[in-house]
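Welcome! Please take a look at the structure shown below, and then read on for a short tour of it.

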Amino acid sequence: VDSYDVTVEEDLGEIQLIKIEKRRYWYQDDWYLKYITVKTPVGDYLEFPCYRWITDEKEVVLRDGRAKLLRDDKTQILKQHRRKELESRQKMYRWKEWHPGFPLSIDAHSHRELPRDIQFDNEKGIDFILNYTKAMENLYVNRFMHMFQSSWSDFADFERIFVRISNTISEYVMQHWREDFMFGYQFLNGCNPVLIRRCTEIPKKLPVTMDMVECSLERNLTLEEEVKQGNIFIVDYELLDGVDANKTDPCTVQYLAAPICLLYKNLEKKIVPIAIQLGQKPGPDNPIFLPSDATYDWLLAKIWVRSSDFHIHQTVTHLLRTHLVSEVFSIAMFRQLPAVHPLFKLLVPHMRFTIAINTKAREQLICECGLFDKANATGGGGHVQMVQKAMKDLTYSSLCFPEEIKAKGMDSKEDIPYYYYRDDGIRVWEAIKSFAEDVIHIYYESDEVVCEDVELQAFVKDIYVYGMRGVKASGFPKMIRTRETLAEYLTVIMFTTSAQHAAVNFGQYDWCSWIPNAPPTMRCPPPTEKGTVTIEQIVESLPDRGRSCWHLGAVWALSQFQDTELFLGMYPDEHFVEKPVKEAMAKFRKNLDEIVSTITERNKNKKLPYYYLSPDRIPNSVAV
């Protein structure tokens, strides 16, 4: 890092813009410029933030760091600069359909084709093939790869690839994964805590009777009464029904199921499973499995649910609802908000490396014959079908955290006391919203100013038209008319790109490294009758050695923070220069610090601490 002082003898008058040119040397010498500070003859300082790469023989024209709405620009030169910047960005950041029905993504086939400003500093650092292979070496599991197709001999055999890091969640999972309380707990605080909802009526497709579940109920009430009192919960994997299982390996047939799982809040207010049906259509060959069944019948039914949960988690909760959605926000921002716009300055830290990581994923991970095909039953095209089906549930209200929790009937703290994902998520949501409101009130003195901001309206429209494909039912606004709505909209963007992604990404090694707890594929079809399951059959159903190793490498690599990670509230790039915004940032950080303290205090002496939504572990953006 170098700093340069340039002294100018003559009086330049009032400075409107600064132009930086770079001459080309014989070799590529891209230059990253952070900012320029101008000291005027009267001793004032002007900041001109840049935070961009200057490449080849390009020139960059900068405005001073004070954030301005279009209506604030009075001179022609500033209006023209603003327009030109957007015209050039719109040529660079183009929308493209990767698969029919998907949210649109960036028009680039590889990481190298992306604009230099949004590429990773070091492409090697995000090479999935390299990282997964490195992870398998670090975990010392690559010694099993030559036995790719062979089965493990029993559950204990899985321990040969399990890295014991004592006193961690992953070790606790390995020790307790068979227990019903552990199975239920994961719906609240595992890495996919978004599916469980209160059951208001037992669905017709799940013909559970009182006789079946009586021995699981603890309040001397009928099943109907338990439902009425709000003690019954349900998780339905209907989305997986009809999805094609992976056929890319002719040597291994792989299977998917679409189970329905009924859960019960017992007298200790813990959530436990009471009935599992492995298919959507009831019938004699689709029995309802119960805790009172033979041990291995019940265990295999739970394993099938855990496997289905893994698929929904990876493709819908994680890929679609954090990665792809964040990319939409990111492209729209670059296309419609100039660097001088206060909302560009507010959002840009939350878009860091998102387009780059997604482009790399389309290049290596989720493409045809990509890494995803190697170990996952939804590889080979199933994951594409899943995203297409899940688009109908991708609504604006489902991205508003408190609203979504409420819609699922999961909002009562008194009723469901151990739902830490909800508790921490709401705290972080409130802190982000308060920060967004503070920034909005600095730049928008009224709702009228919001309505008149054509750049903001173009940004919102881009997200609706290209991201949500203009689907009215998505509930995404086409226009924003009030400061209050704008605060919520910005909170949705900042929360999704930071907290939501952290909650569903960084727990993957903790919860999925013990393979029987999160099998990425199943090699035998779901059982169609009771009383026949053996331990051998379960082990035959679970992933073989090779797929287990790939899976382990993947969940390890995905759970690591970047070397240069910036966590929520850390804004080292000073896009904003005004004092009121600096004060709003300081208040935001103080609020976040208080949340960290509360979470740390709660987690003390807990065997299963919940820390994924602790702000000091939430990266600003989706970058892994």
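Glu-327 is found in helix α8. In this predicted model, the residue has a relative accessibility of 0%, so Glu-327 counts as buried. What is Glu-327 in contact with, once its neighbours within four places in sequence are left aside? The partners are Ser-105, Ile-106, Thr-354, Ile-355, Asn-358 and Arg-362.

## The chain as a whole

Stepping back, you can find 22 helices and 11 strands in the chain. The radius of gyration is 26 Å, close to the 25 Å that the globule rule gives for 624 residues, so the chain is as compact as a globular protein of that length. Along its principal axes, the C-alpha trace spans about 90 × 55 × 45 Å.

How much of the chain is buried? Of its 624 residues, 58% count as buried. The chain exposes about 27400 Å², and carbon and sulfur atoms supply 51% of that area.

In soluble globular proteins, nonpolar side chains tend to be buried together. Here, the largest nonpolar core has 159 residues, and the members that touch the most others are Ile-196, Tyr-444, Phe-459 and Trp-511. Helix α8 (residues 295-336) gives the largest share of this core, with 20 residues. Two domains each supply at least three residues to the core: domain 2 (96-116 + 317-503 + 571-617) and domain 3 (128-315 + 508-558). There is also a second, separate core of 18 residues, which includes Ile-202, Ile-232, Val-272 and Leu-290.

Not counting residues up to four places away in sequence, Trp-511 touches Ile-169, Val-173, Met-182, Tyr-185, Gln-186, Asn-189, Gly-190, Cys-191, Asn-517, Ala-518, Leu-608 and Tyr-612. Several of these names return in helix α5 (residues 180-189), which is mostly covered, with 8 of its 10 residues buried. The buried residues of α5 are Met-182, Phe-183, Gly-184, Tyr-185, Gln-186, Phe-187, Leu-188 and Asn-189.

## Aromatic pairs

How many aromatic pairs does a search of the whole structure find? It finds 23. In one of them, the rings of Phe-435 and Phe-588 have centres 4.5 Å apart and planes at 5 degrees, so the pair is stacked. Phe-435 belongs to helix α15 (residues 420-443) and Phe-588 to helix α22 (residues 579-603), so their pairing ties together parts that are 153 residues apart in sequence. Both of these phenylalanines are buried.

Another pair is made by Tyr-443 and Phe-576, with ring centres 6.2 Å apart and planes at 25 degrees, so this pair is stacked too. Tyr-443 lies in helix α15, while Phe-576 lies in the loop between α21 (545-558) and α22, so the pair ties together parts that are 133 residues apart in sequence. Tyr-443 and Phe-576 are buried. Finally, look for the aromatic cluster formed by Phe-401, Tyr-419, Tyr-421, Trp-429 and Phe-495.

Terms used
Residues are numbered from 1 along each chain as its sequence is written. This is a predicted model: local features need pLDDT of at least 70, side-chain atom pairs count only at pLDDT 80 or more; totals for chains, interfaces and linings use all residues. Side-chain values use heavy atoms; hydrogens and water are left out. A nonpolar core is a set of buried Ala, Val, Leu, Ile, Met, Phe, Trp, Tyr and Cys residues joined through side-chain atoms within 4.5 Å. Buried means under 20% relative accessible area, exposed over 50%, partly exposed in between (1.4 Å probe, protein chains only). Helices (H or I, at least four residues) and strands (E, at least two) are DSSP runs, numbered from the N terminus. Domain bounds come from an automatic or database domain assignment. Contact means heavy atoms within 4.5 Å. The radius of gyration is taken over C-alpha atoms; the globule rule is 2.2 Å times the number of residues to the power 0.38. Accessible areas come from the Shrake-Rupley method with a 1.4 Å probe; for residues, only the protein chains shown count as cover. Rings of Phe, Tyr and Trp (its six-membered ring) pair if their centres lie within 6.5 Å; planes under 30 degrees apart count as stacked, over 60 as edge-to-face and the rest as tilted.
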